[in-house]
Amino acid sequence: CDFTGTINENVKLALGGRQETKDIWWVSSEEIRELEETSKDYLKHQVWGDKSKLAYAIQKKCRNNHKMCTYWALQGRCNEIDIKLACAPACQSCDYLNDDVRCGGSIDTIPNALNPGDVGRMFHR
């Protein structure tokens, strides 16, 4: 996937092509369009419009990776971590694609659970 184009071209790529919406009978076509527009605005202003290091790290990862993303988002399934990651634009969860955000920090900043010799001391009487 080439993300060297304009912001609008990048947003189109990130949305992942045509979404499967024909079987979403419980919402109006207006609600579907509203979610799609909200996703586009989110990508334009919060992902591609942000020049921070965090945004740059996730820009190429932030895309709808499944044709059912809009469907799942409208079902309210964006709280499921696999949907949140696979459908980041539809769920507005691109920041979760960064391990530091999703996991609460880099592995290098997490303190060790045990210090040298702790395991041996557990079994020493």
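**Entry 1**

Because glutamate 37 and lysine 40 sit 3 residues apart in helix H2, I note a separation of about one helical turn between them. I looked up this pair in what is a predicted model, and found that their side chains meet in a salt bridge, at 3.4 Å from N to O. Glutamate 37 is partly exposed at 42% relative accessibility, and lysine 40 is partly exposed as well, with a relative accessible area of 30%.

I then turned to arginine 33 and glutamate 30, which form a salt bridge whose closest N and O atoms are 3.1 Å apart. Both residues lie in helix H2, 3 residues apart, again about one turn of the helix. For accessibility I read 43% for arginine 33, which counts as partly exposed, and 46% for glutamate 30, which counts as partly exposed too. As background, residues three or four places apart point the same way, because an α-helix has 3.6 residues a turn.

The structure holds 4 salt bridges, and one that I also checked joins the side chains of arginine 77 and glutamate 80, at 3.0 Å from N to O. Arginine 77 has a relative accessible area of 26% and is partly exposed, while glutamate 80 counts as partly exposed at 29%.

**Entry 1: the faces of H2**

I next took H2 as a whole: the helix has 19 residues and reaches 26 Å from its first C-alpha to its last, close to the 27 Å expected at 1.5 Å a residue. Which residues of H2 are buried? I listed Ile32, Leu35, Ser39, Tyr42, Leu43 and Val47. Viewed down the axis of H2, these buried residues fall within an arc of 95°, so they line one face of the helix. On the face turned away from that buried side I found the exposed residues Glu34 and His45.

Serine 39, found in helix H2, is buried with a relative accessible area of 4%. Setting aside residues up to four places away in sequence, I found that serine 39 touches Leu15, Pro89 and Ala90. I checked the span to leucine 15 separately: serine 39 and leucine 15 are 24 residues apart in sequence and 7.9 Å apart in space, C-alpha to C-alpha.

Threonine 70 is found in helix H4 and counts as buried at 4% relative accessibility. Beyond its neighbours within four places in sequence, threonine 70 is in contact with Gln19, Thr21, Ile32, Leu35 and Ala90.

**Entry 2: disulfides**

How many disulfides are there? I count 3 disulfides, and with the bonded cysteines of the protein chain numbered in sequence order, the pairing is 1-6, 2-4, 3-5.

Cysteine 62 is joined to cysteine 94, with an S to S distance of 1.6 Å. This pair links distant parts of the chain, 32 residues apart, with cysteine 62 in the loop between helix H3 (53–59) and H4, and cysteine 94 in the loop between H6 and helix H7 (99–102). Cysteine 62 and cysteine 94 are both buried.

Cysteine 69 and cysteine 87 form a disulfide with their sulfur atoms 2.2 Å apart; the link is left-handed, at -70° about the S-S bond. Cysteine 69 lies in helix H4 and cysteine 87 in the loop between helix H5 (81–86) and H6, so the pair ties together parts 18 residues apart in sequence. I read 0% relative accessibility for cysteine 69, which is buried, and 0% for cysteine 87, likewise buried.

For cysteine 78 and cysteine 91 the S to S distance is 2.0 Å, and the torsion about their S-S bond is about -75°, so this disulfide is left-handed. Here cysteine 78 is in the loop between H4 and H5 and cysteine 91 is in helix H6, 13 residues apart; both are buried.

**Entry 3: nonpolar cores**

Last, I looked up the largest nonpolar core, where, of 14 residues, Trp72 and Cys87 touch the most other members. Helix H2 (29–47), helix H4 (69–74) and helix H6 (88–91) each supply at least two residues of this core, and H4 gives the most, with 4 residues. Apart from this core lies another, of 10 residues, including Leu43, Val47, Trp48 and Ala88. Leaving aside neighbours within four places in sequence, cysteine 87 is in contact with Arg63, Asn64, Cys69, Trp72 and Ser93.

Key
Residues numbered from 1 in each chain as written. Predicted model: local features only at pLDDT ≥ 70, side-chain atom pairs only at ≥ 80, totals over all residues. Heavy atoms only, no water. Core = buried A, V, L, I, M, F, W, Y, C linked by side-chain atoms within 4.5 Å. Buried < 20%, exposed > 50% of the residue type's maximum accessible area, 1.4 Å probe, protein only. Contact = heavy atoms within 4.5 Å. Expected span 1.5 Å × (residues − 1). Arc of directions from axis to C-beta. Disulfide = S-S within 2.5 Å.
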